[in-house]
Amino acid sequence: MNPSRWWTETTAALGDHVPLPLVTLVLALVTAMVAVGWYTFPSWVPRRIPRLRRRTRSRPERTETVRAVPTSTVVGVPAPALPPVAAPDLADRLSADGRYAEAVRERLRAMLHELTDRRVVWIRPGMTVAEVVSDARATHPPVGPPLSAAADIFSELWYAQRGATADHDHRMREHADRLRQILAADASVGSTW
């Protein structure tokens, strides 16, 4: 059948049952809805597609440790979820698995644990990375540059949802090492902040 003949017969059959001005109005509305959807495309698409598969137990389990808090410490300082030694090991395992964004997150957590252990910052629930960086800069300015650079990498990967690469993890490792050197140098001098 010829496409033009098919179109003519379909339009005539539709016109017998539904008035053509109504069909024209419906088509115009559908066109307008498609145009609005096209124009606002990124805002109505979900950020992450939910996973339908079941997680397996092959990944290493993260265990929580409870640390005894001396009575002389500040009550509001949260205890780290992992000991400071275990966090870089977990980050290295995640990096070896190619899960660079998670490795970057674990390296930042380890950096924040070091800052809390040395009482450079007091991390409160709900604080953003930018707030932690500004508090750390105000309390101890030398930690500002590596911590700011690490926060930028973290924000780029987790807040802006950019793809993580091995380079991100490598730079994050360098910033964590630099922060560790600054804190170790200050501890050896006996500086109190």
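What follows is a short exchange about how the labels on this predicted model were assigned.

Colleague: What should I know about the numbering and the model?

Modeller: Residues are numbered from 1 along each chain as its sequence is written.

Colleague: Why is serine 148 called buried?

Modeller: Buried means under 20% relative accessible area, exposed means over 50%, and partly exposed is in between (1.4 Å probe, protein chains only). Serine 148 has 13% relative accessibility, so it counts as buried. Its place is in helix 7. Buried residues make up 25% of the 193 residues in the protein.

Colleague: Which residues is serine 148 in contact with, leaving aside its neighbours within four places in sequence?

Modeller: Serine 148 is in contact with Val133 and Arg137, where contact means heavy atoms within 4.5 Å.

Colleague: Why is leucine 25 called partly exposed?

Modeller: Leucine 25, in helix 2 (residues 20–39), has a relative accessible area of 48%, and therefore falls in the partly exposed class.

Colleague: What makes the nonpolar surface patch?

Modeller: The patch, of about 530 Å², is made by Leu22, Leu25, Val26, Leu29, Val30 and Val34. Patches take residues with over 30% relative accessible area and no salt bridge; like charges are joined within 9 Å, nonpolar side chains (Val, Leu, Ile, Met, Phe, Trp, Tyr) within 5 Å. A salt bridge is a side-chain nitrogen of Lys or Arg within 4 Å of a carboxyl oxygen of Asp or Glu. Accessible areas come from the Shrake-Rupley method with a 1.4 Å probe, and for residues only the protein chains shown count as cover.

Colleague: Why does arginine 119 count as partly exposed?

Modeller: Arginine 119 counts as partly exposed because its relative accessibility is 46%. It is found in the loop between helix 5 (100–117) and helix 6 (129–139).

Colleague: Where is glutamine 161 found, and why is it called partly exposed?

Modeller: Glutamine 161 is in the loop between helix 7 (144–159) and helix 8 (166–189). Its relative accessibility is 35%, so it counts as partly exposed. Phi of glutamine 161 is near 55°, a positive value in a residue other than glycine.

Definitions and conventions: This is a predicted model: local features need pLDDT of at least 70, side-chain atom pairs count only at pLDDT 80 or more; totals for chains, interfaces and linings use all residues. Side-chain values use heavy atoms; hydrogens and water are left out. Helices (H or I, at least four residues) and strands (E, at least two) are DSSP runs, numbered from the N terminus.
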